[in-house]
Amino acid sequence: MKLPVLSSLPLFALVVLSACGGGLEQDPSVVGEEIAQTEQEVGCAATVQLLSNPGFESGAVSWYQNAAIIDGSGAGSLARTGSWKAFIQGYGTSRNDQLGQVVTVPSNACTLVFRAWVKVTTTETGGFPFDSMTVRTLDNATSSIIETLATYTNLSVGTGYVLTSVSLPVATYRGRTIRLQFDGSEDISNATSFFVDDVRLTYTW
Ligand SMILES: [Ca+2]
Ligand SMILES: [Ca+2]
């Protein structure tokens, strides 16, 4: 807004201008904040799932696995949704299971969030974490671990699927091709089963 030259205005106009001027000192900053907030919301409004076959309902596709982890038989536990889930470990022998998927995080990602529903059953007793499953991100080219997102053990035992939700530092991931990987590990006895379903790795832009 361009103000008129004050010397050319009559006295009543000066009074009006003075009253408006008080408002003008505050309004632009408020409007500016609102615009900035709106741009941020618009810029991060679209949510995109990076994973294919996230609930395993298509069977053993899109994921890599070291054994028949992706299961549609109802073995051990029902799926959380549909009839397929991932069934990691559960052998009661010394063994390591692996399940993962390779994705590329777009360079314009605004936020990045991991979510998964996990259910743990065990025949272990006592208060020591004998068996475990970790969720990690790895750089696909170098296989170096970027982050450990979650760790579950026989102490995580429960009767139902529990949601894990982790916000990832998006700047670390922009433009990178990564593996989202579940690694199971059991000791020599007493089986622990880690059931996973409805995995999400979502970004906004
Ligand atoms: Ca499912
Ligand atoms: Ca065990």
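User: Which residues count as being in contact?

Analyst: Two residues are in contact if their C-beta atoms, placed from the backbone, lie within 7 Å. In this predicted model, 78% of the contacts between residues at least 6 apart in sequence join residues at least 24 apart. Residues are numbered from 1 along each chain as its sequence is written, while chains are lettered from A and ligands numbered from 1 in the order in which they are written. As the model is predicted, local features need pLDDT of at least 70 and side-chain atom pairs count only at pLDDT 80 or more, whereas totals for chains, interfaces and linings use all residues.

User: What is the mean pLDDT of the protein, and where does pLDDT stay under 50?

Analyst: pLDDT is the predictor's confidence in each residue, from 0 to 100. The mean for the protein is 86, and 80% of its residues reach 70 or more. Over residues 1-40 pLDDT stays under 50, and the model has three contacts beyond four places in sequence for them. Where pLDDT is low, the predicted coordinates should not be read in detail.

User: How many helices and strands does the protein have?

Analyst: Helices (H or I, at least four residues) and strands (E, at least two) are DSSP runs, numbered from the N terminus. The protein has two helices and 11 strands, in the pattern α-β-β-β-β-β-β-β-β-β-α-β-β along the sequence.

User: Which strands form the open sheet, and in what order?

Analyst: Strands of a sheet pair through backbone hydrogen bonds, either parallel or antiparallel. Two strands pair if DSSP finds at least two bridges between them. Here five strands form an open sheet in the order E2-E5-E10-E7-E8, with antiparallel pairing. Its edge strands, each pairing on one side only, are E2 (64-65) and E8 (145-153). E8 is joined to E7 (residues 132-139) by seven bridges; Thr-137 has Glu-147 in E8 as its bridge partner.

User: Why does Ile-70 count as buried?

Analyst: A residue is buried if 20 or more other C-beta atoms lie within 10 Å of its own, exposed if 12 or fewer, and partly exposed in between. Ile-70 counts as buried because it has 22 C-beta neighbours inside 10 Å. This residue is found in strand E3 (residues 70-71). Beyond four places in sequence, its contacts include Phe-56, Trp-63 and Trp-84. The C-alpha atoms of Ile-70 and Phe-56 are separated by 6.8 Å.

User: How many residues does the largest nonpolar core have?

Analyst: A nonpolar core is a set of buried Ala, Val, Leu, Ile, Met, Phe, Trp, Tyr and Cys residues joined through C-beta atoms within 7 Å. The largest has 36 residues, and Ala-116 is among those with the most contacts inside it.
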